[in-house]
Amino acid sequence: MTDADPFDTVLVVDFGAQYAQLIARRVREAHVYSEIVPRDMPIAEMLAKTPRGIIFSGGPASVHVEGAPSIDTAIYDTGVPVLGICYGAQLVAQQLGGEVARTGSGEYGRTALDVVAGSPLFSGLPTAQDVWMSHADSIVAAPSGFRVTARTGAVPIAALEDTDRRLYAVQFHPEVAHTDRGQEILKHFLYDVCGCRPSWTMVSIIETSVEAIRAQVGGEQVICGLSGGVDSAVAAALVHKAIGDQLTCVFVDTGLMRAGEADQVEDTFRRQFNVDLVHVKAADRFLAALDDVIDPEQKRKAIGETFIRVFEETAVDFEDARFLVQGTLYPDIIESGTKDAAKIKSHHNVGGLPDDMQFELVEPLRNLFKDEVRVMGEELGLPEEIVWRQPFPGPGLAVRIVGTVTPDRLEILRSADAIVTEEIKRAGLYRELWQSFAVLPAVRTVGVMGDERTYAYPIVIRAVTSDDAMTADWARLPYDVLERMSSRMINEVPGVNRVAFDITSKPPGTIEWE
Ligand code: XMP
């Protein structure tokens, strides 16, 4: 960001831990714009972003191992304040002439910290506070010019600084919630050391985005695909705020959505926001494409291809449109220090468009984290059901129906799934869970209802907690909630005579069944 920008920028250098994103989010919670950059980004490129401060993240490595992640030491001569966290702290110490050693006194978890000298970071905070540690190596000698400002029972150097050069390092993790005063420590760095203004607020983010969208599209026509999910909904609402009637939204209704979802899109965009909405009812096309398809990847492919064909046919009517809105989020574009893990599923992004479509992209959410997108959605007046909707796979209910997808089986799953959602919401658990839904397996089981033998489908309840869908734990749902779901499904959904609860975490399971 430049001086004329309303936002100051702090860079978070990613040293390969999962903490870089968390640090960036905490900085933004302090209303300062942050960007994650890879550690091998040339210093000149970092400086071109005119950062007011730079934070080194933690990392899984030891500074001593061969090929340990490092950074160009020219960073320390730029005059931009630096805060090293955990691995980042050890790197600062080591690169500037201090010493880091495997002392055998690593610390893990909640640890008592003693602040032993006045420091801008700890200003106004108690000298004794709990912090969260996770390190095997320790800093055993501070570089010259540095002063030790905090210690713990196990390590004599837990925080150090060179206030003249504005270089700071903390062995603990201020970004995690278990560090009681962590956010205040970060704020001291951001406001007092770096001089950042707390201007990254939702009102100003929206204002700036609206101006940027207007500047990008001018008087041209713009189209936006709505999926029913939060990202495309917020992107559409934001672009609509910026350019009103120049926007047309296209909602391809695959017939594979959850109960009530299509109506919700109609209600919100057509009736509440007065958006020019094209609702393409294509359920038959998708069902035909799925006829007899059993293999999960084949299902994804059939749905993806059908989507593209339907969209193409619809887009013929929009030959004047030059721009296409996409709900890309910041985590999708972070060029991180960690390489992507192997892909287990194709995650075919339904909504992916034909390569030969010559649209210029408008990606108004590309700098935002998911939680910021939700706050923006609320600020723009989108209903809670959309803003807080749990993630839903592009191929929809088709990958929750093991085996063939037929209208009957879709109806069974959709009704059972609605019961899961209703009961989870009633129990106040909806926002706590990453996802909660029903799965329809391809087997039937014997039961007895009244005096009759039944031979019908079981429904599997799946509910998981997760931060990013890479790993997940099965949710310990209260028995009474499970009990209500089970009895409602059996009583209200014809074709279901048994209910099971999936107690597999990821890994080894995946979240979806297909
Ligand atoms: P798994 O099942 O791989 O899912 O643990 C991780 C997350 O991704 C979602 N998911 C998909 N999303 N297209 C999507 O857009 C897909 O084909 C797809 N498959 C899984 C899943 O719901 C979970 O949030």
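Predicted model: local features only at pLDDT ≥ 70, side-chain atom pairs only at ≥ 80, totals over all residues.
I started with salt bridges and got a count of 33, taking a salt bridge as a side-chain nitrogen of Lys or Arg within 4 Å of a carboxyl oxygen of Asp or Glu. Residues are numbered from 1 along each chain as its sequence is written, and side-chain values use heavy atoms, with hydrogens and water left out.

**Entry: H1 and its pair**

I looked up Arg-26 and found a salt bridge to Glu-29, with the closest N and O atoms 3.0 Å apart. Why do these two sit about one helical turn apart? Because they are three residues apart in helix H1 (residues 19–29); helices here are DSSP runs of H or I with at least four residues, strands are runs of E with at least two, and both are numbered from the N terminus. The general rule: an α-helix has 3.6 residues a turn, so residues three or four places apart point the same way.

Next I checked accessibility, where buried means under 20% relative accessible area, exposed over 50% and partly exposed in between, with a 1.4 Å probe and protein chains only. Arg-26 is buried at 18%, while Glu-29 is partly exposed at 39%. I also listed the buried residues of H1: Tyr-19, Ala-20, Ile-23, Ala-24, Arg-26, Val-27 and Arg-28. Just after H1, His-31 has a positive phi of about 65 degrees.

Arg-147 and Glu-161 make another salt bridge, N to O 3.1 Å at the closest. Arg-147 is partly exposed at 38%, but Glu-161 is buried at 2%.

Arg-181 and Glu-184 also pair up, at 2.9 Å from N to O. Arg-181 is partly exposed at 26%, and Glu-184 is partly exposed at 33%.

Which residues form a network of salt bridges? I noted Glu-422, Glu-423, Arg-426, Arg-484, Arg-488 and Glu-492.

**Entry: Ile-36**

Ile-36 is in strand E2 (residues 33–38) and is buried at 6% relative accessibility. Leaving out neighbours within four places in sequence, Ile-36 touches Val-12, Asp-14, Ala-20, Gln-21, Ala-24, Tyr-330, Ile-334 and Phe-369.

**Entry: H5 against H11**

At what angle do the axes of helix H5 (residues 202–217) and helix H11 (residues 370–379) cross? I got roughly 85 degrees, with the axes coming within 10 Å. The axes are lines fitted to C-alpha atoms, for helices over the stretch in contact, and angles run from 0 to 180 degrees between N-to-C directions. So H5 is roughly perpendicular to H11, a label that covers 65 to 115 degrees. H5 brings Met-202, Val-203, Ile-205, Ile-206 and Ser-209 to the contact, and H11 brings Glu-372, Val-375, Met-376 and Glu-379.

**Entry: domains**

The chain divides into domain 1 (9–193), domain 2 (202–387) and domain 3 (406–501). The C-alpha centres of domain 1 and domain 3 are 46 Å apart.

How values were computed:
Domains from an automatic or database assignment. Parallel < 35°, antiparallel > 145°, perpendicular 65-115°, else oblique. Contact = heavy atoms within 4.5 Å.
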